[in-house]
Amino acid sequence: MTDVKPTMTDSDVMDFIAQGYVLLEGIIGEDFNSQCDALPKGNANAFISSDVFKKELLLHPKLAGVARSLLGENFRVPDGGHHHVYEAPHYGQTWHSDGLSGSGYDVTTLQCYYYPKAVEIEDGPTMILPGSHCRAVDREAIAHYGDVLGQVSLTVPAGTVALTRYGIWHKAGPKTNDQKRSMIKFSYYRASSPIRDWQIDSKEIPEYKNRARLPYVTEVESYRDRVRRERTWNWLCGVNT
Amino acid sequence: MKEAVERWIDAQKKKLRKEPVTSEDLDALMNCLQEPRQHVLYLYSKSTNMRSPIASWSHCDPTKPQEPTLPSQELPYASVLEAMADGWRVVQFPISKLYRYEEVDNDYLGFEFVLEKWI
């Protein structure tokens, strides 16, 4: 992946560290989006590993540029994933992070959500909780959580891709209509040691500039967030922490 | 329940002077005869202090149809104390010892108060 150019600046990377996601709205064109119409739900390994998916989506300069910025040179391109489809109304999922993700301060995996069709609030959009990506959580122990101040419903135009630090709290939101809602999920992986090789103006590594406190965060947690963010920044810059 | 039925009877007495009782009026009477049911409100406060602002919330209402509802960013109450002023009773306070305080790791959002109201 040496020919992929990083697209993020220091400031962009600092934003990602605080929020845990990057949203690229409407970057994929209708021609390709419509090719996903016939994709069955469930395992989508064959489609995601196809040449056309790789060319039109996985190596799209804006999408791959974020992956290159946050995962370094020679990042591993997805070769499989899952097609999530909802049609009937439902209560939505409970908040969770996938697998056993969430702990630590590194950035080794970017889990992506691609929406071939526009998503409205009634369609049950994916919901994410910005800044939750380093909070390892037992999903069954928080299944009674409801609305959270600062949660984001990904109501997006067709062709949007969200890249998240694996571990971000998310869920399928409540769905009140019977329109088909489609999301293709896949992940990019780090394959090299971290180094500050995104778009930079000088070789001198700046200190992390802290971002605003998130709406749901308590006083002490805001101090912890600052420490967590600094650790991730230093890790991404290849500085021993 | 008794007060609700008395209010219904008073209203119907006035109404009967002008028009007959309808099936909707009888449905309203049936609602008056319902035993009160427990509502549960989870409030995640930003500290164990009941005056602290709220970070997260969830309202379990057994009287409404069990169907999906859209997410909201509108706080039901600004604080636990405000919910109490509206008639909610606290049935569980957050137990500080349950909230780990080790280095910078964390797996919770706020301090969980559980409240109930019988309606």
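This report describes the core, the sheets and the chain contacts of a predicted model.

## Domains of chain B

Chain B is divided into two domains, with domain 1 covering 1-35 and domain 2 covering 36-118. Between the C-alpha centres of domain 1 and domain 2 of chain B the separation is 35 Å.

## The nonpolar core

The largest nonpolar core contains 69 residues. The residues with the most contacts inside this core are Ala67(A), Leu70(A), Cys112(A), Tyr114(A), Val161(A), Leu163(A) and Leu43(B). Helix 5 of chain A, residues 61-71, gives the most to this core, contributing six residues. In soluble globular proteins, nonpolar side chains tend to be buried together.

Ala67(A) is in contact with Phe75(A), Leu110(A) and Tyr188(A), when neighbours within four places in sequence are left aside.

## Helix 5 of chain A

Helix 5 of chain A is largely enclosed by the rest of the structure, because eight of its eleven residues are buried. The buried residues of helix 5 of chain A are Leu63(A), Ala64(A), Val66(A), Ala67(A), Arg68(A), Ser69(A), Leu70(A) and Leu71(A). The cover over these buried residues includes helix 1, strand 1 (21-24), helix 4 (51-58), strand 4, strand 8 and strand 10 of chain A. After helix 5 of chain A comes Gly72(A), which has a positive phi near 80°.

Thr7(A), which lies in the segment before helix 1 (10-19) of chain A, touches Lys62(A), Gly65(A), Val66(A), Ser69(A) and Gln199(A), not counting residues up to four places away in sequence. Thr7(A) counts as partly exposed because it has 19 C-beta neighbours inside 10 Å, and a residue is buried at 20 or more. Thr7(A) and Glu120(A) are 113 residues apart along the chain, and their C-alpha atoms are separated by 28 Å.

## Strand 4 of chain A and its partners

Strand 4 of chain A, residues 109-115, has six of its seven residues buried, so it is largely enclosed by the rest of the structure. Strand 4 of chain A runs antiparallel to strand 10 (residues 181-189) of chain A, and six bridges join the two. Within strand 10 of chain A, Tyr189(A) stands opposite Thr109(A).

Six bridges also join strand 4 of chain A to strand 8 (residues 160-165) of chain A, again in the antiparallel sense. Here Gln111(A) has Thr164(A), in strand 8 of chain A, as its bridge partner. Strands of a sheet pair through backbone hydrogen bonds, either parallel or antiparallel.

## A three-strand sheet in chain A

In chain A, three strands form an open sheet in the order 7-5-9, with antiparallel pairing. Strand 7 (152-153) and strand 9 (170-172) of chain A stand at the edges, and each has a single partner strand, so one side of each is left without a neighbour in the sheet.

Strand 5 (residues 126-128) of chain A is joined to strand 9 of chain A by three bridges, and these strands run antiparallel. Ile128(A) faces His170(A) of strand 9 of chain A as its opposite residue.

An open sheet of five strands has the order 6(A)-2(B)-1(B)-4(B)-3(B), and its pairing is antiparallel. At its edges stand strand 6 of chain A and strand 3 (89-92) of chain B; each has a single partner strand, so one side of each is left without a neighbour in the sheet.

Strand 6 of chain A pairs with strand 2 (residues 54-60) of chain B over two bridges, in the antiparallel sense. Val148(A) has Ser56(B), in strand 2 of chain B, as its bridge partner. Strand 1 (residues 38-45) of chain B is joined to strand 2 of chain B by six bridges, and the two run antiparallel. Leu43(B), one of the core residues with the most contacts, has Trp57(B) in strand 2 of chain B as its bridge partner.

## Contacts between chains A and B

Across the interface, 27 residues of chain A are in contact with 18 residues of chain B. On the side of chain A that touches chain B, the elements giving two or more residues are strand 6 (147-148) and helix 6 (219-236) of chain A. Helix 6 of chain A gives the most to that side, with four residues. By residue type, the side of chain A that touches chain B divides into twelve nonpolar, nine polar and six charged residues.

Key: Residues are numbered from 1 along each chain as its sequence is written. Chains are lettered from A and ligands numbered from 1 in the order in which they are written. This is a predicted model: local features need pLDDT of at least 70, side-chain atom pairs count only at pLDDT 80 or more; totals for chains, interfaces and linings use all residues. Domain bounds come from an automatic or database domain assignment. A nonpolar core is a set of buried Ala, Val, Leu, Ile, Met, Phe, Trp, Tyr and Cys residues joined through C-beta atoms within 7 Å. A residue is buried if 20 or more other C-beta atoms lie within 10 Å of its own, exposed if 12 or fewer, and partly exposed in between; C-beta atoms are placed from the backbone. Two residues are in contact if their C-beta atoms, placed from the backbone, lie within 7 Å. Ala, Val, Leu, Ile, Met, Phe, Trp, Tyr, Cys and Pro count as nonpolar, Asp, Glu, Lys and Arg as charged, and the others, Gly among them, as polar. Two strands pair if DSSP finds at least two bridges between them.
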